[in-house]
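Here's a quick walk through a multi-chain model, with a few local spots picked out along the way. Keep the viewer open while you read.

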Amino acid sequence: MSNNLLEAVDLVKYFPIRGGVLSRIQDHVRAVDNVSMYIKKGETVGLVGESGCGKTTFGRTMLRLIEPMAGEVNFEGVDITSLSPVEMRAMRRNMQIVFQDPVGALNPRMTIKNIIGEPLKIHGLAKGGELTERVIELMTSVGLKEEHLYRFPHEFSGGQRQRIGIARSIALNPSFLLLDEPTSALDVSVQAQILNLIQDLQKRLDLTYLFISHNLAVIKYVSDRIYVMYLGKIVESAESEELFKNPHHSYTKALLSAIPIPDPDLKMDDVYLQGEVPSAINPPKGCRFHPRCPNATDKCKTEEPELVDLGNEHYVLCHMI
Amino acid sequence: MSEPLLSVKNLKTYFYTYEGVVKALEGVNFKIDKNQIIGLVGETACGKSVTALSIMGLIQDPGKIIDGEIFFDGVNLLKNSKDEMRQIRGKKIAMIFQEPMTSINPMFTIGNQIAEIIMLHEKVGKKEAMGKALEMLKSVKMSDPEEVLKKYPHEMSGGMRQRAMIAMALSCHPQLLIADEPTTFLDVTVQAQILKLMKELAQEIGASVLMITHDMGVVAQMCDEVNVMYAGLVIESAKTREIFHNPKHPYTTGLMKAVPKIVKTNVKLDSIPGTVPNLITPPSGCRFHPRCSHVMDICKEAIPKAVEITPGHRVSCFLYSRRSDDV
Amino acid sequence: MKMDKKKESTNGSWYRNWTNEHQAQIKDLKYTIHLFRQSKLAMGGFLLVLGVVLMSVFAPFLITHDPYSLNLPERGLPPSREHLFGTDSNGMDIYSRCVWGGRIDLSVGFIIVFISTAVGVVVGVTTGYMGGIIDEVFMRITDMFFAIPSLILAMAVSAALGSRSLQTIMFSMLIVSWPGYARLIRGNTLAVREEPYIEAAKSLGASSLYIIFKHVLLNAVAPVLVMATMDLGSIMLLTASLSFIGMGAQPGTPEWGRMIADGRNFMRSSPWMITFPGIFIMISVLGFNLLGDGLRDVLDPRLRR
């Protein structure tokens with residue numbers, strides 16, 4: 001039996017595009033195209049990619065907040081895609097999500113106490129004084145103070161709102177947390193605080209993380225293993241150190257070279273990727289990256305590459321290995 | 001040493017709101033020389049955007065510039081009339097914003113908008129203006145520039161829109177370009193292209209750039225000098241290398257340690273405790289003192305004045321100056 | 001974690017606990033009132049409405065004569081000290097009937113608006129959230145309602161029910177009004193549905209019903225409040241119009257529209273019979289419209305702060 005807590009097998013999600021007089025389905029946005037991923041218990045897996053690559057959709061599909069069109073998601077061996085709505089709602093206690101937008105993720109009309117206590121109420125786990133006690137406990141564990149209990153979200157800074165979101169997500173004692181760009185909207189110094197908090201909680205509460213971000217430095221800091229996504233497909237995955245030392249896919253290499261390094265003595269390489277990310281509606285034939293790849297061959301234009309196992313949990317989706 | 005292109009002295013901008021007076025800028029000082037790229041770095045509510053808007057004369061009710069001087073090319077902008085400022089905006093000082101979708105008018109084509117600015121500041125007809133617009137699009141390396149002239153903003157990607165905005169801003173060859181977080185919403189690979197473009201174009205036209213950002217990586221790669229802002233004040237300014245390798249102000253040091261770096265691994269991120277202060281009731285004295293690990297009694301009493309500790313490196317901190325120091 | 005369930009209340013009086021819990025809502029309310037005060041038109045509307053409401057509430061103390069009793073010998077008298085607004089063709093004191101009429105018109109207005117809003121909101125927010133077929137069907141149904149002018153439709157419903165009484169008219173006005181609110185809140189629901197905190201609630205395991213009534217409703221309802229306030233005026237006008245053409249309030253009822261209908265034949269000779277009820281209608285409708293306008297501006301999130 002594997003020690004994978006969570007596993008996605010060949011997940012597919014397309015979004016229909018309607019148009020024309022009768023709103024017929026004209027085409028699809030191929031947001032997630034046969035993506036597989038495994039996450040071991042206690043790990044932090046990072047998922048990195050640029051906008052439009054499908055990482056957000058993939059995360060949501062994993063949690064069935066968006067229904068997958070095909071494929072399976074196994075949580076501790078149980079295929080959650082086949083659960084009934086009632087069973088799924090109970091399953092949600094194990095898998096929670098921390099959102100990117102600290103402003104939008106909290107109902108502006110609810111007090112902090114109600115926001116953090118809501119999951120407990122929904123699942124009938126506590127009420128009255130007991131609920132308040134538990135909420136205060138959760139608040140202190142994320143660095144908030146009891147006096148914040150009856151305040152409203154708009155009275156807090158971005159970092160504090162993110163803490164509220166985190167407190168809410170651990171209220172049900174989940175074993176898995178999906179962190180969707182949790183620090184992208186935060187200042188640098190606040191980001192550091194939140195990242196430290198997230199790592200701290202992982203140790204204390206024995207959590208497993210899937211951390212989605214477009215920021216490679218942050219991903220490297222938090223992740224044990226990293227998946228790189230491009231236009232609906234995983235193009236490379238490896239352990240953190242390995243990926244940065246030994247990137248194989250041209251896209252990974254381009255991504256690494258494009259990050260502005262906060263050190264004025266280390267000038268960036270000139271590997272500038274030309275062009276824009278193509279639309280996921282009509283992705284290029286064959287290897288999706290071939291129009292922007294400096295090493296593309298004829299084979300790349302017609303045949304989709306297979307996943308190559310380089311050993312040591314390092315996989316690449318490319319013909320040229 | 002020639003006159004600086006832009007010299008901001010003791011700029012104070014307050015916002016008079018229902019909840020109280022927001023003291024957004026409490027005496028900002030910095031300068032920009034010709035042909036330089038200067039960084040203005042800081043986190044939320046530090047006042048960097050307010051500074052940019054103050055320079056452009058775009059502060060509106062309930063905001064007011066209550067003190068200070070902004071010298072641009074020898075003229076104090078704060079003494080200008082609205083008409084005089086309108087002459088300067090777009091022609092001598094141009095600005096690009098972080099959200100290209102909302103700062104470009106969605107109702108008009110890109111070509112029309114660039115041409116409009118050209119016609120506004122230079123006395124030329126529409127056809128000639130369109131020709132110049134095309135030239136601008138080519139200089140920002142826009143793919144298919146003839147097609148783009150006829151496109152609407154929503155038909156373009158974020159990177160293309162940002163290029164269009166740069167084209168608009170530089171169309172009249174301004175002397176100063178203010179870029180307010182121009183790449184925050186762009187993907188990393190697109191960001192790299194845009195930054196490279198800005199650097200090249202600025203050099204070509206001979207313009208200076210005020211680069212407003214919170215991304216230390218962008219600062220390191222683009223800027224010659226950096227001004228670090230906190231809660232409405234410039235607390236440190238120096239050449240880029242100095243700021244990174246020799247930060248003096250406790251806030252700057254904290255900031256450097258909080259940035260996750262790819263090159264150095266497994267170094268635990270140091271965070272600065274606490275949060276950014278409320279600017280309606282800011283802390284007494286030095287605004288950073290509640291979060292500072294080196295806080296002294298005097299820090300709670302007065303705002304430290306800037307001191308030049310090495311040539312070109314100025315800090316506002318009582319660790320380096322005494323109350324009687326004056327610069 | 002067996003804590004004393006009464007811990008919250010023993011920490012202080014229930015009043016203090018309540019204010020603590022709702023502290024920010026109280027602050028929000030104060031700010032709303034402050035904004036409201038700043039608009040002269042809104043305050044004007046509020047005062048007018050307040051005046052009419054108070055008048056109706058204290059009507060028993062304000063009338064000089066019985067609004068229902070016939071007094072034929074005194075019919076057709078012009079305004080005098082005894083009959084402030086004169087008498088009508090049945091000798092009834094117009095002033096007392098105008099004042100008492102407020103009770104009828106206001107209560108009809110409030111009842112209709114309240115019920116149709118409640119029904120409309122529940123239907124609209126549910127179909128808006130569920131989407132799909134339910135939403136499509138609902139849209140087509142309300143389309144049918146909108147295709148016919150409300151006055152005609154109300155008359156048609158009354159005719160179908162075979163009665164012209166005030167109760168019947170009220171029922172038909174209910175039928176006619178609820179679709180408007182439903183569509184209005186549906187529109188807002190479509191927007192609120194996409195907010196991240198709705199997704200957050202889903203991720204916590206909340207059922208759709210819970211989400212609709214706990215999260216979506218309050219955040220989508222603002223324009224409905226504005227429309228309801230202004231509708232109070234329109235419903236009153238509609239009631240008066242229907243009474244005027246003979247449906248609704250029966251002859252003799254001191255309802256403003258009815259009074260105008262009754263006095264119509266005496267327009268030349270005794271204009272006071274229609275003027276005063278008309279003025280009361282005008283003041284009420286104007287008041288509600290100004291109030292609704294002011295409310296809309298105040299609730300507009302962009303104008304706040």
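Which residue in strand 4 of chain B is the bridge partner of B:Lys9? That would be B:Glu69. Before going further, keep in mind that this is a predicted model.

The hairpin made by strand 4 and strand 5 of chain B has two residues between the strands, and B:Asp73 takes a positive phi near 50° in it.

Here are the two pairings side by side:

Zooming out, chain B splits into domain 1 (6-92 + 174-273) and domain 2 (105-166). Their C-alpha centres sit 27 Å apart. Each domain puts ten residues into the contact between them. On the domain 1 side, those residues come out as eight nonpolar, one polar and one charged.

Now for chain B and its neighbour, chain A. How many residues does each chain bring to this contact? Chain A brings 34 residues and chain B brings 35 residues. On the chain A side, helix 5 (158-170), helix 6 (188-205), helix 7 (216-222) and helix 9 (250-258) each supply at least two residues. Helix 6 of chain A gives the most, with six residues. By type, the chain A side that touches chain B divides into 20 nonpolar, nine polar and five charged residues.

Last stop is chain C, where helix 11 (residues 208-220) is worth a look. A straight helix of 13 residues would span 18 Å at 1.5 Å a residue, but helix 11 of chain C spans only 16 Å between its end C-alpha atoms. Helix 11 of chain C also has a kink of about 25°, centred on C:Lys214.

Which parts of chain C do the buried residues of helix 11 pack against? They pack against helix 6 (94-130), helix 9 (166-192) and helix 10 (196-203) of chain C. The buried residues themselves are C:Ile211, C:Ile212, C:His215, C:Val216 and C:Ala220.

How values were computed
Residues numbered from 1 in each chain as written. Chains lettered and ligands numbered in written order. Predicted model: local features only at pLDDT ≥ 70, side-chain atom pairs only at ≥ 80, totals over all residues. Pairing = 2+ DSSP bridges. Helix = DSSP H or I, 4+ residues; strand = E, 2+ residues; numbered from the N terminus. Contact = placed C-beta atoms within 7 Å. Nonpolar A, V, L, I, M, F, W, Y, C, P; charged D, E, K, R; others polar. Expected span 1.5 Å × (residues − 1). Bend = angle between axes of the 7 residues up to and from the residue. Buried ≥ 20, exposed ≤ 12 C-beta atoms within 10 Å, placed from the backbone. Domains from an automatic or database assignment.
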